[in-house]
Amino acid sequence: MDIPFLTFPKGGVHPEESKALTAHLETEIMPVPAEVDILLNQHFGAPCTPLVKKKDVVREGDLIGEVEQGLGAKIHASVTGTVKNIGTAPHPISVTAPSVTIQTDPEAEPRTYEPTDWTRFSREELLARIKNAGIVGIGGAGFPTHVKLAPPPEAKVDTLILNGAECEPYLTTDHRAMLEHPDQIIEGAKIILIILGITECHVGIERNKSDAIAAMKKAVDDTPLGGFHIQVDTLKVKYPQGSEKQLIQSISGRKVPGFGLPFDVGVIVQNVGTARAIYDAVVLDKPLYEKVITISGKGIQRPANIQVRIGTRVRDIVSYLGGTTPDLAKVILGGPMMGFAISDLDVPVTKTTSGVLFLTDDEVDANAHGQCIHCGWCLDACPMGLSPNEVGVYVEAGRAGETAQFGVFECFECGCCAFVCPAKRPLVQFIRLAKRKAKK
Amino acid sequence: MTKTDSRLWAVSVSPHVKSGESVEKIMWTVVGCLVPPLILSIFLFGFQTLLITLISVGSCVATEAVSQKLLHRPVTIKDGSAVITGMLLAYIIPPGVPYWMPILGGVMSIYVAKHLLGGIGFNIFNPALIGRAFLVATFPVAMTSAWLAPIHDASIFKYMGSGVDAVSTATPLFVLKHYGIAGLIEKFGSLSSMYGSFFIGWRPGCIGETSALLLLLGGLYLIYKGYITWHIPVSMIVSVAFLTWVFGGEKLFTGQPLIAVLSGGIALGAFFMATDYVTSPTQKSAKLLFGTCIGVLTVLIRLKGGYPEGVCYAILLMNPLTPAFEQWFKPKRFAPQKGAVK
């Protein structure tokens, strides 16, 4: 009998998964590069102020940047070596950003961490460890985790959802994490449950990762759960299944309202990778300065899942993996649906980088766009029930300021509309422009 | 390091992958679905149906190229949309019209009804139907009398060069309107034999409208491909059948729904014209209402209007209401405001 797999009802698309390139490859550890560029502005929130100066000697794991005020997360040295420069480095979104360049000491011994019994820590101590380790949501926008795990008292959170959907094509880092370290993820989930003072946890995984589902279920069965209820839910394969609002709806049936946050409906969502980083931070007292990323696409000689130091330049990853192929057309930080195309291989890996894709001409679409033919496919594809077609026509007519009526501020830029558009219209680009011009 | 390493790479806004669908693919698929009725029409009315269709398509494509040049827009004749307009225009004119008539219709369809209104995506009316409406208004005699009787001996050059008057016949709907169901049976045989021959398409009518079977197959293929949905065709056909059954006879509930659906341009209009993306609504509930309204207007024109057939004007009357339908029927937003939980 077919089990009905959980999913969201409205919209969504089925891009080619392209995960077979790397899904079977065990995570390998890339040797430490000669130099790293650690961006001080890695994600959502305020940029960090550097705490080191030129020629300082730093050890792997040392604090090198902190936010003075506002929302943010601490930044740590990812290698042992000497601070070569405090300047700027190419940034995937803002072109360039302030950064700390560290020249690696090739003689340095890697730092090791011993596990401690975390169950003796209070809630505040657990949160402090997460804050001190600079943990952010590594699956997406990089929201500081210590802030997310301390919702306002009036929010009645009753459910934790771990996001293992990994619905972006090509990417397999969450998949590998669930296969290789399911026990650490479950342990991380328990830490989060203690912090939130709740017992209910769901792990949502798309059914195309059946081995990961089995591994996670086994880890749940093998761990003494105490009073916790941790359940692995199989999700239908549909993009954007891993989007926060869609995932919450699929698993709990609740809808996060526009301009609202998950805790408004009693839910906190964390990526499975973040749960593992929380394990590292709390159990090992290890800051977040390493990251498993997927390097894939037909444009790289050797696709792989590799663990790299934050700040590793894409160029170094390319040479480690044997270079690019001659028909490489586009380099993307992140997935092909929502990732950022980069023009320059000197861009460094940040805490939120989930992968680097090297796509060839036959993998990307570079067709010129035409006029909207009003087929309505984008309306069917949009998981938020918006009208991307209208936004596009308004923007082209120079009336981007009037597009709030079509819900542009509810758009999270999943790209389903532009994916299905037969006229190849750059609808996400139109919507981004509309967001800048429209009034809330 | 590879030699390509220092290059600057192309960037664009996400998504970087797209579905394999394109406007060209959709349009040329529709063209393909329109070919079988054309082949049938050659055996049915003779070789000149092919000639008229080619002239109409040629006129539309040439007009599109010239219009786009004149209006300083990119020339997009390869996308196949002008070819569809040309085929549809030919399919809704009688097979015995003079050859220059589709040229004129094509210019009207493409230049006036399409490009003067902004080109693909911005036309208010279905261009092919505007072409036909223009020809009916300008050359009413030819457009309402140049019918040919179906050929029964495979002599496809039979009507070439013959005068229209010598061979003209009457369409089922014309007979039905003026002589009633008794006249129809007298002319086309028993009801049961009529169902069969009308379904296959062996009856007088416009070039491409006669075969409900081939048009249905083409329409089903487009539905299977996801290019159109069933909502407009089904609601239109059902409402025509229902209203004809209720009001089409001498007394209430004595009309002939099957004859109504199998004659005139119902199948062609329902699957290939009323479903035109630009001039029909996008939401499913809107499509159902839109199709029903076309059916209602079709029956109204057929039973009470001056013309025996009403599909063309019914669709044209509904086309400009599309923007209003889009206003009335909007996609359901996920959860627009705070507090709108569950």
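Start in chain B by selecting its two domains: 21 residues of domain 1 are in contact with 22 residues of domain 2 (contact means that the C-beta atoms, placed from the backbone, lie within 7 Å). Before going on, know that this is a predicted model, where local features need pLDDT of at least 70, side-chain atom pairs count only at pLDDT 80 or more, and totals for chains, interfaces and linings use all residues. Residues are numbered from 1 along each chain as its sequence is written, while chains are lettered from A and ligands numbered from 1 in the order in which they are written.

To make that selection, type 23-145 for domain 1 of chain B and 170-203 + 211-328 for domain 2 of chain B; such bounds come from an automatic or database domain assignment. Their centres, taken over C-alpha atoms, are 21 Å apart.

Now colour helices H1 (23-45), H3 and H5 (127-138) of chain B, the elements that each give two or more residues to the domain 1 side of this contact. By class, the domain 1 side has 16 nonpolar residues, four polar and one charged. Here Ala, Val, Leu, Ile, Met, Phe, Trp, Tyr, Cys and Pro count as nonpolar, Asp, Glu, Lys and Arg as charged, and the others, Gly among them, as polar.

Next, zoom in on H3 (81-91) and H4 (100-112) of chain B, whose axes come within 10 Å and cross at roughly 135°. (Axes are lines fitted to C-alpha atoms, for helices over the stretch in contact, and angles run from 0 to 180 degrees between N-to-C directions.) Show side chains where the two helices touch: Ala82(B), Thr85(B), Gly86(B), Leu89(B) and Ala90(B) come from H3(B), and Pro102(B), Gly105(B), Gly106(B), Ser109(B) and Ile110(B) from H4(B). These residues split into five nonpolar, five polar and no charged.

Finally, bring chain A back: 61 of its residues are in contact with 39 residues of chain B. E15(A) gives the most, five residues. That side of chain A has 33 nonpolar, 16 polar and twelve charged residues.

Technical notes
Helices (H or I, at least four residues) and strands (E, at least two) are DSSP runs, numbered from the N terminus.
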